[in-house]
Amino acid sequence: MNLSMLNPQQQAAVRHDQGPLLLLAGAGSGKTRVITSRIAYLVGERGVPPDRILAVTFTNKAAREMQERVTEEVGRKRAKGMVVATFHALCVRMLKEDIERLGYKKNFSIYATADQARLVRDLMQQLQVDGKKFDAERLLWIISDAKNRLVPPERFIPRDRDEYSTLAAELYPRYQKALKAFNAVDFDDLIMLVVRLLQEFPEVREKYQERFRYLMVDEYQDTNAAQYLLLKLLAGKHRNLCVVGDDDQSIYGWRGADLGNILDFEKDFSGAAVIRLEQNYRSTGNILAAANAVIRNNKKRKDKALWTSGEPGRRIEYLRCEDEEDEARLVMERIHAERFKHNLAYRDFAILYRTNVQSRAFEEQLRYENIPYVLIGGQQFFDRKEVKDAIAYLRVLVNPRDEVNLLRILNYPKRGIGETSADRLIRHSAELNRPLWEVLADAAGVNDLGDKTVEAVTGFVTLLERYRKSFARTRDLAHTARELFAEIKLEDEIYRGTDDPVKARRRADNVEEVVNAMASYQEREEKPTLAGFLDKVSLLDRDQPNRDGKEKKLQQDAVVLMSLHSSKGLEFPVVFMVGMEEEYLPHKKSIEESFDIEEERRLCYVGITRARNHLLLLNAAARKKYGKPQPRVPSRFLEEIPAELLDRKTGDTPPITGEPEQEKMATNFFANMKAMLEE
């Protein structure tokens, strides 16, 4: 295998094939190539069977790209059997084999956030808790945090004088009991239950330790306590665990990521080799010098410094603006200037900010200037009501005990089962301690239900039973789903419930997109099943391609607006980091509440290292609050960048260009005008 395209450190990482390895991969250091080359080396040079290799990533996109690259290097036949998956996809695969040991059935549902929130609201109602006073999402966040720390309901201790924490302690055991009764799990359960399986059943642990003799984990700095223990259990026997990450890019502490996992790797896995990938293939020397200067102020980190064999490049521009409108106007000016000066496309520019509220002024200005832009973030495809309604039908077909989704579709589209009747059915189910589906199947036995309601319920049950059989018999899932949605008149209900016909058409198209997604799934899979499709839907990351997906947006020729958190893993020729002020970056919460300035500094480092050729840092002297200008203080991180790397300007300073550059800009301008007129 030819490794000459790799630098010496990358080659050492590829050739390391026994024992634990920590690969400290700085931003833009070519880590993906190293991981895929290492897998190819194990298969091709060391003769490791591909089905003994497990590679774990954090996103479906990363897993897909890794699988494709390895297949390119070793061929489809030799790559067959290798598992490249996200943590959650891996755990679903393991639970499908062994969840029955924990008292669940294999056709379990995976509850998305909306299903979880609905269940929590139902439980709050049962406890007679004021739904206006307590936010279900916040309660779920507390439960999720406990699960990520592997704290089960019986060991959950509420914080003193914290109303939410106290209520969560009461809800958590009820929430888990309800999930199990509905044969459902949530995302955090996926890892927590697999850890339980590995801890409580030695034969299960042994099976997976033998199956996965070589483990590779990407973005290790983002792992939480549950993911760490899962990896430790899987690697316990053969210890061939290679983790790749960068402690300087650990920016998800608020989501449960534990920086200690990467900092303490050598303590946790004795005899671990450590290789640093510090050569950067993305940014200019000056951008890297600024990033290094900022991040070295953090105390909790592994010592490393990025370098490039390329040019120092342009100095970083620092623009001090009057207010948020001036900041947005200046960014537009620079976009126009840079486009004509360096013949760039709109997609070559990114505007990065700390909080989503900062995007407003830029969106307004971009629209005013007629500059195309995409905003990364916002509602995802599978979170939309009409999509969730369609998916709910499919979920109940696979798992009739899934009562959250069963209640969602019971009278949608309307079929004559009103709220009073639904309430009687639910009460009857609770009194007899029978699953709601069994009660529906025997609706005639429920007191006080009118004949018409019994008829409607019986029709509903018959419909679902018929389609359950149809889906089980067919390979053409998409056709069957289309027939189901047509029979229940889902599109008619959408038009009935939407005032604006244009919006209604868009919502109906979204239901058709569900069918299209199913068609794509059945083309890819050898043995497509409805349960398999729903697993895919449940495991979609927030960045999965769909009509509003991140990947599709990034392919458009448009300026990209996104938060610093969303920008991780991406790169752009020109980057504007806006709002470089105290209380934005570092964020007000980190100054006043969490006191974790180091994570904010890592976020600043991530932003800086997104830039390939040019970086512009902007802030405002004042911003409006309640309509009045409030003075702002420049971010402390600006002071950490050496003065010689910065080209400081105020808002009214025009960009300096010499005569040859002005001539080049004029030529580019007229060439662009000509191209536009010829289109």
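The buried set consists of Glu 386, Val 387, Asp 389, Ala 390, Ile 391, Ala 392, Tyr 393, Leu 394, Arg 395, Val 396 and Leu 397. The helix covers residues 385-398 and reaches 20 Å from its first C-alpha to its last, close to the 20 Å expected at 1.5 Å a residue; that expectation is 1.5 Å times one less than the number of residues. Helices here are DSSP runs of H or I with at least four residues, and strands are runs of E with at least two, numbered from the N terminus. Residues are numbered from 1 along each chain as its sequence is written. As the model is predicted, local features need pLDDT of at least 70 and side-chain atom pairs count only at pLDDT 80 or more, while totals for chains, interfaces and linings use all residues; side-chain values use heavy atoms, leaving out hydrogens and water.

A partner of α17 is helix α21 (residues 451-473): the two axes come within 9 Å and cross at roughly 75 degrees. This makes α17 roughly perpendicular to α21 (65 to 115 degrees; under 35 is roughly parallel, over 145 roughly antiparallel and the rest oblique). The axes are lines fitted to C-alpha atoms over the stretch in contact, with angles from 0 to 180 degrees between N-to-C directions. On the α17 side, Tyr 393, Leu 394, Val 396 and Leu 397 meet Phe 460, Leu 464, Tyr 467, Arg 468 and Phe 471 of α21, contact meaning heavy atoms within 4.5 Å.

Turning to the aromatic residues, a search of the whole structure finds nine pairs, counted when ring centres of Phe, Tyr or Trp (its six-membered ring) lie within 6.5 Å. Tyr 208 and Phe 212 have ring centres 6.2 Å apart and planes at 20 degrees, so the pair is stacked (under 30 degrees; over 60 is edge-to-face and the rest tilted). Both Tyr 208 and Phe 212 are buried. Tyr 220, Phe 265 and Phe 269 form one aromatic cluster.

Charges also sit over rings, a term that requires NZ of Lys or CZ of Arg within 6 Å of the ring centre and within 35 degrees of the ring normal. Lys 385 lies over the face of Tyr 412, at 4.2 Å from the ring centre, and the charged end of Arg 255 sits over the ring of Tyr 252, 4.0 Å from its centre.

Technical notes: Buried means under 20% relative accessible area, exposed over 50%, partly exposed in between (1.4 Å probe, protein chains only).
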